[in-house]
Amino acid sequence: MQQPDRPPMIVEEGVVLGSRPAGTADCTLLSLRSPRVAARVRPGQFVMARLLRRDFPYLGRPLSVADVDPADPEVLLLVFTAVGAGTRRLAEASPGDAVRLVGPLGNGFTIAPAAEHVLIAGGIGVAPFPLLARYIARLDPGAQRVCLLGAATRTGLHLAARLRALGVVVETATLDGSEGFRGNVVERLAAHGLHPGSRLYACGPDAMLAALARHLGPTSDTCQAALEAHMACGFGACNACVITVADPGESGGHHELACLQGPVFALGRVRWERTPPVCVAARPSGGP
Amino acid sequence: MHDASSPLEVAVGDLRLRSPLLTASGTFNLKTDLTGVLDVRGLGGIVTKTVTRKPRPGNPPPRIAEVPGGLLNSIGLENEGLEGFRARELPRFAAAGVPLIVSIGGDDAGEFAELAAAFGGRPEVAAVEINVSCPNVDRGTAAFAARPAAMARVVQACRDATRARLWVKLSPESPDLWAFARAAEEAGASALTVANSHVGLAVDWRRRRPVLGRGAAGYTGPGIKPLTLRLVQTVAGATRLPVVGAGGVESADDVMDYLVAGASAVEVGTAYLRHPGVFADITAGLERFVQEEGIGRLQDWVGTLAS
Ligand SMILES: Cc1cc2nc3c(=O)[nH]c(=O)nc-3n(C[C@H](O)[C@H](O)[C@H](O)COP(=O)(O)OP(=O)(O)OC[C@H]3O[C@@H](n4cnc5c(N)ncnc54)[C@H](O)[C@@H]3O)c2cc1C
Ligand SMILES: Cc1cc2nc3c(=O)[nH]c(=O)nc-3n(C[C@H](O)[C@H](O)[C@H](O)COP(=O)(O)O)c2cc1C
Ligand code: FES
């Protein structure tokens, strides 16, 4: 079951060009010169990234490739929030630092012509969407691209300006009403409405994706969702990152690897009750 | 890459390996195209994920937690089972062109024997590694790693079932590991893998809960190297069997430490998960030792620790 048509993964020492806070709380934009990964990456794929001058954390962290610089196609962009030791260390990277990247990893989104492409993001789940928006524009020119971007509060809305600059119509939603629609992104989607020609892409916390699946019902089969899972390797060697999915007629479901068969899954296949949310035990208190 | 006279060549008993580096069970497969990252043909061998008679779903996620010195894992022997492995995985491993060591696990001696018979007789299988030491299943360490006699019954049953090379993977949690080593030798083992994961615990004190669902989990990575290295020394001194070291190998220096302490070869697990280029890096390091320090044949360093 070697993944068909998938180019080999690359191990590359990316060089940090710039790291800057993304304006909003705890979010970092990291640009890296990483010619080989940048040349191969497709929307929705990710890298395992680790700051080389630090011994801890031991493992890389899975991060979506947010964009490849059209002006310099050797440069890729990572966008992440600092939630724990690993992402905090990466946020400390300064120009010239080496970041070991393993990637591109995972399957990525599949793009096909549609009347409207709807990108549904919760919080930092927006990370893979700039590159996706770029590819949609290239592969389906003229199609409408909309991003429904939700967060708890306005400081959690990331990358809106970048998406707008790419010609995407961005509609925001915040739970506290501090910007845009008051409510969550699934409610925002309900307000937006869907037509048969809409193609859906989603990325965000498990709770959001599960709510989206409930809202979409049977049509959730056609929504491509990028999932998170705890990973050790990112390339299918350790079996850490299992997601329970079920195909039509299959009861109970089976495991697939988020790093290999995912991270993008048909939303309707995911069995949320058997896939515990990634954040449950994700905060060990220790570590230097 | 290495010809028969390569200084990197070693032997585990009568099995010749072109390099002392093997993959460790449960940390390697060939589902990803590794071209440019890892020259599989340069490996000394591949040890597969532990295979059980029936498919096993493993433990619920999260299955790993990072700790200083490596990681804790609680995979729980997820595998496709004998039939699935034979049909889908074995052909791919066999095509890799390096010695293949199939790791087997089970709940009782009969299950081990059935698996040993199923794999032991196949020409593409160089050896069977008997995993009597998985910490992440209900009947792992507790069942076979507590008493030498319980472990020896498993090894004996496998020996009765096949004439193949049998590597017995010991648990670092066993008391008096030398006694296990001798019992395995008497029961017909061909080599000993020292060792499986240590057992550790990470807690989330605010929630008063273990970080991983089962609580205790397998601790692997550089933090365990000194512990396992000492076990290799102990076991190598207690039996005539060749020893394969496994625990925290990350560099060419680590490999040499293990060889000198008594290992004939080493398995690399966690370091590969962290950095898939690690085999290439270690191989380059060993070649540098040979070329720049004139250390000669690696084989000649095995078990030469001054006492
Ligand atoms: C395919 C994929 C793509 C991702 N892309 C992005 C991105 O572009 N931007 C971004 O901000 N985040 C992204 N994430 C989530 C990101 O990987 C986690 O926030 C990060 O691993 C947390 O590490 P930490 O050490 O800072 O946190 P800690 O909580 O200290 O981490 C402890 C352990 O849990 C794991 N972990 C904790 N939270 C998550 C999580 N949500 N998902 C997976 N593993 C987790 C860590 O990797 C680590 O092994 C992505 C996750 C996946 C699986
Ligand atoms: C994710 C993971 C899965 C493992 N699965 C198995 C297994 O199925 N069978 C087994 O005998 N050992 C298993 N091990 C143990 C390794 O084979 C090895 O003995 C241990 O990790 C020590 O080596 P290291 O420090 O180089 O990782 C596993 C280890 C890890 C990290
Ligand atoms: S992270 Fe190792 S198999 Fe997916």
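Analyst: Happy to. One term before we start: Ala, Val, Leu, Ile, Met, Phe, Trp, Tyr, Cys and Pro count as nonpolar, Asp, Glu, Lys and Arg as charged, and the others, Gly among them, as polar. Please also keep in mind that this is a predicted model.

User: Good, then how many nonpolar, polar and charged residues are in the shell around ligand 2?

Analyst: That shell has 10 nonpolar, 16 polar and two charged residues.

User: And which residues are closest to ligand 2?

Analyst: The closest are A24(B), G26(B), T220(B), G269(B) and T270(B), out of 28 residues that surround ligand 2.

User: Where does ligand 2 lie?

Analyst: Ligand 2 lies between chains A and B. Ligand 1 also lies between chains A and B.

User: OK, ligand 1 then. Which residues are closest to it?

Analyst: For ligand 1, the closest are F80(A), G84(A), G86(A), T87(A) and A127(A), and 26 residues surround this ligand. By class, its shell has 16 nonpolar, six polar and four charged residues.

User: Which elements of chain A supply at least two residues of that shell?

Analyst: They are β4 (61-64), β6 (75-81) and α2 (85-91) of chain A. The largest share, four residues, comes from β4(A).

User: Why does ligand 1 lie between two domains of chain A?

Analyst: Domain 1 (10-105) and domain 3 (220-278) of chain A both give residues to the shell around ligand 1, so the ligand lies between them.

User: Let's stay with β4(A). Are its residues buried or exposed?

Analyst: R61(A) and L63(A) on one side of β4(A), and P62(A) and S64(A) on the other, are all buried, and both faces of the strand are covered. The two sides come about because in a regular strand the side chains alternate between the two faces of the sheet.

User: Which strand does β4(A) pair with, and in what sense?

Analyst: Strand β3 (residues 46-51) of chain A pairs with β4(A) in the antiparallel sense, over four bridges. There, F46(A) stands opposite S64(A).

User: Zooming out, how is chain A divided?

Analyst: Chain A has domain 1 (10-105), domain 2 (109-204) and domain 3 (220-278). The C-alpha centres of domain 1 and domain 2 of chain A lie 23 Å apart.

User: How many residues of domain 1 of chain A are in contact with domain 2?

Analyst: 14 residues of domain 1 of chain A are in contact with 12 residues of domain 2 of chain A. On the domain 1 side, β5 (67-68) and β6 of chain A each supply at least two residues. The largest share of that side, three residues, comes from β6(A). By class, the side has nine nonpolar, four polar and one charged residues.

User: What about the contacts between the chains?

Analyst: 35 residues of chain A are in contact with 39 residues of chain B. On the chain A side, β1 (10-21) and β7 (98-105) each supply at least two residues. That side divides into 25 nonpolar, seven polar and three charged residues.

User: How many helices and strands are there in chain A?

Analyst: Chain A has six helices and 16 strands. Its radius of gyration is 18 Å, close to the 19 Å that the globule rule gives for 288 residues, so chain A is as compact as a globular protein of that length. Of those 288 residues, 50% count as buried.

User: And chain B?

Analyst: Chain B has nine helices and 16 strands. Of its 307 residues, 58% count as buried. The C-alpha atoms of chain B fill a box of roughly 50 × 50 × 45 Å along the principal axes.

User: What order do the strands of the open sheet in chain B have?

Analyst: The eight strands of this open sheet have the order β3-β16-β15-β10-β9-β8-β7-β4 (chain B), with parallel pairing. At the edges are β3 (21-23) and β4 (46-47) of chain B, each of which pairs on one side only. Within the sheet order, β8 and β9 stand side by side. Four bridges join strand β8 (residues 127-131) of chain B to strand β9 (residues 166-170) of chain B, and N131(B) has K169(B) as its bridge partner in β9(B).

Notes
Residues numbered from 1 in each chain as written. Chains lettered and ligands numbered in written order. Predicted model: local features only at pLDDT ≥ 70, side-chain atom pairs only at ≥ 80, totals over all residues. Near = placed C-beta within 6 Å. Domains from an automatic or database assignment. Contact = placed C-beta atoms within 7 Å. Buried ≥ 20, exposed ≤ 12 C-beta atoms within 10 Å, placed from the backbone. Pairing = 2+ DSSP bridges. Rg over C-alpha atoms; globule rule 2.2 N^0.38 Å.
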